[in-house]
Amino acid sequence: MHASTSGTLAAIPLGDARIIASAAFDFAPLPGRRTMLATPVSPAAGATHVTLHVVRVAAGESFTPERSTEEENTVVVFSGLGTATVGSRSHGVARGHAVYAPTGQSLTLTADAQVPAAGGEGGLTAYVWRTPLAAGRRPGTDPEPFSSLWDETTQLRGFGGTGQITPDADRATMNFVFWPGNGSSQLCLHCGIQQPGQTFNVHLHPDSDEAFIAFEGIGQMYLRDRWIDVEAGDVLYAAPGVLHGARNPHTGPEARRFVTCGGPSPYDPALYSAAGLSSDVR
């Protein structure tokens with residue numbers, strides 16, 4: 001039983017904890033180009049540690065975040081086809097692919113020039129998390145730059161939350177896509193797979209911002225004191241100490257999985273401890 005009530009996006013003015021519907025993203029074109037950029041989460045908008053861009057890279061164009069070599073960057077491709085370049089390495093990307101660019105290596109996303117034969121404008125839409133490397137943190141020795149949300153190599157199963165809310169018994173699985181074990185120094189990227197009826201239990205991070213997105217399907221995100229309906233593309237931001245979680249309340253023959261992705265910044269060692277893993281940077 002959940003100690004909360006469900007809510008809707010329009011009803012929740014929560015200050016340092018908010019959900020931003022994808023329909024509310026404020027896109028603006030980059031100067032002299034067709035590529036569009038929105039920034040739903042940033043220090044300018046009240047975040048403590050993290051910036052989250054949503055970029056629509058126009059067909060045949062490229063996007064490089066400002067000062068990308070000075071910050072860590074992680075990327076999730078939401079739609080389209082293209083190429084991601086980290087430093088001197090490049091890799092073709094499509095929906096569900098993920099990219100990590102450590103401090104000192106530039107990040108560039110390039111959308112394929114060819115427009116789909118079925119019509120439309122083509123291009124590449126991606127979510128880009130950014131944060132400066134904090135004092136005392138060192139870059140990984142051999143970080144993994146390219147992966148996928150569906151990488152099941154390292155997972156957290158059976159997570160019961162951090163004790164503030166009674167946990168659900170049917171618990172979702174989380175893939176650790178980028179984390180200290182494969183070289184991430186400060187940012188991380190996790191992917192929660194909420195099958196019908198499953199919950200990634202409510203928790204908080206004492207010292208970390210949380211910024212994550214609904215990547216696939218429809219479901220609910222917990223924010224501060226209630227469950228809120230969301231759909232693919234929506235963003236959650238929670239400041240340090242703010243309760244959050246994700247669940248798929250839908251069951252039955254027509255129910256589909258609900259997928260979320262993102263993570264705390266700086267990464268929270270407690271999540272890796274819960275999986276029986278070290279948080280030492282590789």
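The order is 6-11-8-9, and the pairing is antiparallel. (A strand here is a DSSP run of E, at least two residues, numbered from the N terminus; two strands pair if DSSP finds at least two bridges between them.) At the edges sit strand 6 (62–63) and strand 9 (89–93), each pairing on one side only. Strand 8, residues 82–86, runs antiparallel to strand 9 over five bridges, and Gly82 stands opposite Val93 there.

A quick note on the source: this is a predicted model, where local features need pLDDT of at least 70 and side-chain atom pairs count only at pLDDT 80 or more, while totals for chains, interfaces and linings use all residues. Residues are numbered from 1 along each chain as its sequence is written, and side-chain values use heavy atoms, leaving out hydrogens and water.

Another open sheet has seven strands, ordered 2-21-18-23-16-15-14 with antiparallel pairing. Strand 2 (17–20) and strand 14 (155–156) are its edges. Strand 14 pairs with strand 15 (residues 173–178) over two bridges, and Gln155 faces Asn175.

## Nonpolar cores

The largest nonpolar core has 43 residues, and Tyr127, Trp129, Leu189 and Cys261 touch the most other members. (Such a core joins buried Ala, Val, Leu, Ile, Met, Phe, Trp, Tyr and Cys residues through side-chain atoms within 4.5 Å; buried means under 20% relative accessible area, with a 1.4 Å probe and protein chains only.) Strand 18 (residues 209–216) gives the most to this core, five residues. A second, separate core of 19 residues includes Leu30, Val86, Val99 and Leu107.

Terms used
Helix = DSSP H or I, 4+ residues; strand = E, 2+ residues; numbered from the N terminus. Buried < 20%, exposed > 50% of the residue type's maximum accessible area, 1.4 Å probe, protein only.
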